[in-house]
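I opened this entry to keep a record of what I looked up, going from chain to helix to interface.

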2 protein chains.
Amino acid sequence: MKSHVRLGLIGFGTVGSGVAKILQRHADEMNRRCGARLQLAVVCDRSLGSRSGAGLPAGARVTRDWKEVVNDPTLDIVIELIGGYEPARTIVEAALSAGKHVVTANKAILSKHWGELFTLANRHRHLLYFEASVGGGIPVIQALNEGLAANRIERVSGILNGTTNYILTRMEEQGEDFAGALKDAQKAGFAEADPTFDVEGIDAAHKIAILASIATGGWVHVQDVYREGISHIEPVDLLMGRERLDSTIKLLGIASWIKSGLEIRVHPALVSRHHPFATVRNEYNAVCVEGDSAGDVILYGKGAGQLPAASAVVSDIIFLARQVVIGTAGEIPYVTYDHSRSPRIVPMEESWYRYYLRLTTTDRPGVLARITGVLARCGVSIASVYQDVKEQHRMSGGVSIVLITHRAREESVQKARHLIDGLTVSRKKMALIRILD
Amino acid sequence: MKSHVRLGLIGFGTVGSGVAKILQRHADEMNRRCGARLQLAVVCDRSLGSRSGAGLPAGARVTRDWKEVVNDPTLDIVIELIGGYEPARTIVEAALSAGKHVVTANKAILSKHWGELFTLANRHRHLLYFEASVGGGIPVIQALNEGLAANRIERVSGILNGTTNYILTRMEEQGEDFAGALKDAQKAGFAEADPTFDVEGIDAAHKIAILASIATGGWVHVQDVYREGISHIEPVDLLMGRERLDSTIKLLGIASWIKSGLEIRVHPALVSRHHPFATVRNEYNAVCVEGDSAGDVILYGKGAGQLPAASAVVSDIIFLARQVVIGTAGEIPYVTYDHSRSPRIVPMEESWYRYYLRLTTTDRPGVLARITGVLARCGVSIASVYQDVKEQHRMSGGVSIVLITHRAREESVQKARHLIDGLTVSRKKMALIRILD
């Protein structure tokens, strides 16, 4: 049994310094849980000088060259927290090849290189842990990979991005438009100066691809995720949701296993007030896993922030260290990966939803008849029509008509949308939001 | 590496037959995850004949004597699913002593004998897993024990009992009284003929004691849990909650680590509509874990039922089997137990809450002045008073006054309650419900 487990940390930004903080704060407890002393032996960051700075653990060597960490033969575990594609991917691969176990929070490299990374880890019989890559402090990777291991997974859905959830919460609760709510999110530190990655759903797409890969046992490529962001959501839609449809709007990542394959997408959706997702506010995340035995299990918590993410990283370190101590780390892979299990991806056009369609039209007789006629010809049937709300009228600069459809095929709805947008009575392009069932 | 992991199942009731079902249904997937074949080799149940009956796996030996299972040298894992105190405790202890790893769903023996059981397991270097003992299919034990291992736990709270949550949901949504809702629950199969164990909060007390023991690393005795059931909740309270206080009522288990020790209790509480617990309906459970780094993490899912509980049991079997295969099971204990870490229990009188107090009084001038005078003398200050709702008047058979207090000490409130119940203007005993902050 080893008496020490030595860690090398690459990336000493927000999460990295949080990891150092937790390791120091709860040192005795960590050591008790691991059965050995956890030593943060090396810290690497390009912005650090060669001497220990503020927040650096006493006794940790400091370097600006990640190769010194990866090639240090005294280290057991390398923690990669620099984010982005490169050099992160190279670092993780080099560390695994050099006989280190790796903990990472990097959803970008995981979703883009899942197959390569786990093939490499399993070939070297080394472990790659990544709890912090999805859902911040929520132990969702472990729950899906282990706690629900007895289940065939039927669907995974979630509010996976804190920035967009913060923006939608502001829009709903303060009546702000997207641009105003985005500014608030930037002021509050919940959105980047360039928010594209979050508001266009790219971050959420990475995360749902990771969750789907775990559930599948194969590899779901991030580029196969259908993706739509939230910048087209208007206050009138949130108002209609609340006042008429008893619903709110959330950006969801959804992976559904159906007969014809895997449906995997990121888009905004109307969510009933009675669904647990409806109470998920601000920067919180939630993930719902539907298993054939457990039923639906929901995990909820802070999806972002220094300490929640660092909590997930340190939990990974503890599991890994426990196995390092008794010399069994890597004897069984953490994630089972078999390329042949990668599922067929169902094209978006083949999906079925109920839809919220908002049209802005001229105020002339017969408009509704023309629109519903187009929908009928496309095979989209209508469940309800809302045409009478003063606020909506005022806010949308025209006559607003909201239609809720019965379940319809995406392809049919898009065809109808195209035709209706071309009608002379249409004053703006149709707004379309899918409804979560 | 072993090629087979042999299981003995004791107790072939609802959950036991669910376990057999899942093991058969997903045999290939289970074997892939374990790296060996899982074999349900023996099934023991007092009500079984000596031949395989319906639902019994092909090839499994059948016995009515648990000693044959515990003493079978070919078995690796014993699964105890008979429930209750005895012979369950004896079986689990005998199995651990005979060199078996054990999976159990038995919250009664765990909460009553935590210290003895984990001392025994750790001494024999064998593992005792118990995911199904709390929260049905929700992997909450694992999340608290491993996924949040990097955190000092500050509070664990939860809707831990499906029966009482079903009853409270019926009372709220159908306006039924307790007796009517209990009958519905019995009809729907969510309550026993003798519902005491559930409605008096005993089951929830077992579960919060288990969660607190894990979080503490010591042992929290079930008899130290302050306990109050739901049979005194009236429809008027749920109505007041909904109409005036934007709240609902849930039976909660709560463990809070404060400076002076551990507060641990089970009682009904008013929960804001905006709290995620408010959307937990019917037989669903939810657990909120508040860690110093992760913040609040909530897990939600089916708290009862054959397959959810069986899902948790089989997940335990998979973890265990993976370790059995490579020969490392028991090298590190699953739960760390150190008697010296058992916390001081804070007496209920020392706790602080906000309170909902409902009084039924005569309709005379000066009543409110007398009551608020008593509260003031006891040091309980009032945040709001509700005295004007027709329905409440009608439903409670008197003049109803509802008072919401500021935070007050339990001892002071109980003293005031005693004094007010003794006033000549009081027509009934005061109803008291604590408010979740």
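I began with the contact criterion: two residues are in contact if their C-beta atoms, placed from the backbone, lie within 7 Å. With that in hand, I found that among contacts in chain A between residues at least 6 apart in sequence, 75% join residues at least 24 apart.

I note that this is a predicted model, in which local features need pLDDT of at least 70 and side-chain atom pairs count only at pLDDT 80 or more, while totals for chains, interfaces and linings use all residues. Residues are numbered from 1 along each chain as its sequence is written, and chains are lettered from A and ligands numbered from 1 in the order in which they are written.

**Chain A overall**

I counted elements as DSSP runs numbered from the N terminus, helices being H or I with at least four residues and strands E with at least two; chain A comes to 15 helices and 17 strands. The radius of gyration of chain A is 24 Å, close to the 22 Å that the globule rule gives for 437 residues, so chain A is as compact as a globular protein of that length. Here the radius is taken over C-alpha atoms, and the rule is 2.2 Å times the number of residues to the power 0.38. I also looked up the extent of the C-alpha trace of chain A, which spans about 80 × 45 × 35 Å along its principal axes.

For burial I used the count of other C-beta atoms within 10 Å of a residue's own, with C-beta atoms placed from the backbone: 20 or more is buried, 12 or fewer is exposed, and in between is partly exposed. By that count, 55% of the 437 residues of chain A are buried.

**Helix H7 of chain A**

I then turned to helix H7 (residues 162-174) of chain A, whose 13 residues reach 18 Å from first C-alpha to last, close to the 18 Å expected at 1.5 Å a residue; the expected span is 1.5 Å times one less than the number of residues. Eleven of the 13 residues of H7(A) are buried, so this helix is largely enclosed by the rest of the structure. Among the buried ones I noted A:Tyr166, A:Ile167 and A:Arg170. The cover over them includes strand E7 (153-159), helix H8 (178-187) and strand E9 (247-258) of chain A. Just after H7(A), A:Gly175 takes a positive phi of about 70 degrees.

**Where the chains meet**

The contact takes 45 residues from chain B and 45 residues from chain A. On the side of chain B that touches chain A, the elements giving two or more residues are helix H2 (27-34), helix H6 (140-147), strand E12 (295-302) and helix H12 (306-326) of chain B. H12(B) gives the most, with ten residues.

**A glycine in chain B**

Last, I looked up B:Gly379, which lies in the loop between helix H13 (367-377) and strand E14 (382-386) of chain B. B:Gly379 is partly exposed, with 13 other C-beta atoms within 10 Å. From B:Gly379 to B:Tyr85 I noted 294 residues in sequence and 44 Å in space, C-alpha to C-alpha.
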